[in-house]
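Subject: Structure for your review

Dear colleague,

Please find below the structure that I am handing over to you. My notes on what was found in it follow directly after.

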Amino acid sequence: MEGVDANDKYAKELEIGVRVVQLACCLCQKVQKGSIGPTPDQIFSKDDDSPVTVADWSVQAMISWILSESFGKQNVSIVAEEDTQTLSDSNSTRLLSSVVSTVNESLSIAPKFGLKAPTSPLEPTQVLDAINNCNSTGGPTGKHWVLDPVDGTLGFVRGDQYAVALALIENGQVVVGVLGCPNYSSKKKLVNNSSVSKEGCVMYARKGSGEAWMQPLVCEGGGPALVWPNSGSRIRVSCIDDPSMATFCEPVEKANSNHSYSAGIAYSLGLRKQPLRVYSMVKYAAIARGDAEIYMKFAKSGYKEKIWDHAAGVVIVEEAGGVVTDAGGRPLDFSKGVYLEGLDRGIVTCSGVNLHDKIIGAVYASWDSSHL
Ligand SMILES: Nc1ncnc2c1ncn2[C@@H]1O[C@H](COP(=O)(O)O)[C@@H](OP(=O)(O)O)[C@H]1O
Ligand SMILES: [Mg+2]
């Protein structure tokens, strides 16, 4: 079965997106194994105290460079998580050279992924430029790529689930989503933390196609180069709509979502299973693949969700047959810039409308007493 008809709209964006996310997953796996870059546990803190690693900057630089080469720098607008503040510090020369060598090692194997490698290794200034080129703020018009180079950085540094998330927004709508999940096997169900695998997958979808796809990572094992259109397999959400049989997932970190509130919703709906706590957008991947039926996230009041933490996951879940809205039942709005402005209370993702209606109803019934 073929993944995508080459004549379709966004065919080139999807193809390049899948190829470059495959390459990015490979980069992350190599950093994690210590085969490129510094020791994998080297973690830096950003201004908001969130962690960042060589992999985050390197993936952002590499993807930014490939997108500019593929579509022309003047045509590419990218909204992405990282900036060069820490890297440009005069005390960071060793860190910058780690990023530069990681980017160059990764680009040197780009042809295996059907992508063009630079004719000579990138200079530090080119790497910094590539990161800085991702300073778009998106908005309601035009095409914007949206990138979270390593989503779930905590999962990455703990050897747990994390994701490389790339999406394309056009006129405020997510039209392409690619989600690389380096520790989520294309063959094995995600059950709990022991389901961390070293043979990950990439999922992807194009808006309106009614199809979502998955392919295994091609990084390891010296296997064949990535071919496209490929023999990816179709993925589909679960057909379970009985709450007592359903699995719900949520962030691992209590700081990122209120576990006791979601436990209350789960109880009121008759969900019996323990929550599946997973780092990163792998939660969207689990819904799209049918490994779970519900994903709820209720961040602290005042926290503003960023578009790169959701764009790719939302279109993949929707094309796989699922539903994603805020907790008021409205679609997420990707047209307002970097943040999901106007988001009502939280995010509710389900495999189908029946479960979704029930959760939204339970949120309305319980919110006033929730102290959120
Ligand atoms: N206080 C907070 N509340 C909700 N989400 C937060 C948060 N602080 C960070 N996040 C987001 O949650 C993401 C991790 O998702 P999860 O908690 O589902 O694993 C982080 O992505 P990064 O790891 O890319 O920074 C970050 O964007
Ligand atoms: Mg993120």
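The protein chain contains 10 helices and 14 strands; helices (H or I, at least four residues) and strands (E, at least two) are DSSP runs, numbered from the N terminus. This is a predicted model, in which local features need pLDDT of at least 70 and side-chain atom pairs count only at pLDDT 80 or more, while totals for chains, interfaces and linings use all residues. Residues are numbered from 1 along each chain as its sequence is written, and chains are lettered from A and ligands numbered from 1 in the order in which they are written.

Overall dimensions

Along the principal axes, the C-alpha atoms fill a box of roughly 60 × 50 × 40 Å. Of the 372 residues, 50% are buried. A residue is buried if 20 or more other C-beta atoms lie within 10 Å of its own, exposed if 12 or fewer, and partly exposed in between, with C-beta atoms placed from the backbone. Among contacts with a separation of 6 or more, 71% are between residues 24 or more positions apart; two residues are in contact if their C-beta atoms, placed from the backbone, lie within 7 Å.

Helices

Helix 2 (residues 54–71) packs with helix 4 (residues 93–108) at an angle of about 50 degrees, and their axes are 9 Å apart. Helix 2 is therefore oblique to helix 4. Axes are lines fitted to C-alpha atoms, for helices over the stretch in contact, and angles run from 0 to 180 degrees between N-to-C directions; those under 35 degrees count as roughly parallel, over 145 as roughly antiparallel, 65 to 115 as roughly perpendicular and the rest as oblique. Helix 2 contributes Val-54, Trp-57, Ser-58, Ala-61 and Met-62 to the contact, and helix 4 contributes Ser-98, Val-99, Thr-102, Val-103, Ser-106 and Leu-107.

Helix 8 (residues 282–289) is largely enclosed by the rest of the structure, because 8 of its 8 residues are buried. Lys-283 and Arg-289 are among these buried residues. Just after helix 8 comes Gly-290, with a positive phi of about 85 degrees.

Strand 5

Ala-167 is placed in strand 5 and counts as buried, with 31 C-beta neighbours inside 10 Å. Leaving aside residues up to four places away in sequence, Ala-167 touches Val-146, Val-174, Val-176, Gly-177, Ala-311, Ala-312 and Val-315. Between Ala-167 and His-144 the C-alpha to C-alpha distance is 8.4 Å, at a separation of 23 residues in sequence.

Backbone features in loops

Asn-171 is not a glycine, yet has a positive phi of about 45 degrees. Asn-171 sits in the loop between strand 5 (163–170) and strand 6 (173–181) and is partly exposed, with 13 C-beta neighbours inside 10 Å. Arg-345, also not a glycine, has a positive phi of about 65 degrees. The loop between strand 13 (323–326) and strand 14 (347–350) holds Arg-345, which is partly exposed, with 17 other C-beta atoms within 10 Å. The peptide bond from Trp-228 to Pro-229 is cis, with omega near -5 degrees; Pro-229 belongs to the loop between strand 8 (212–216) and strand 9 (233–235).

With kind regards
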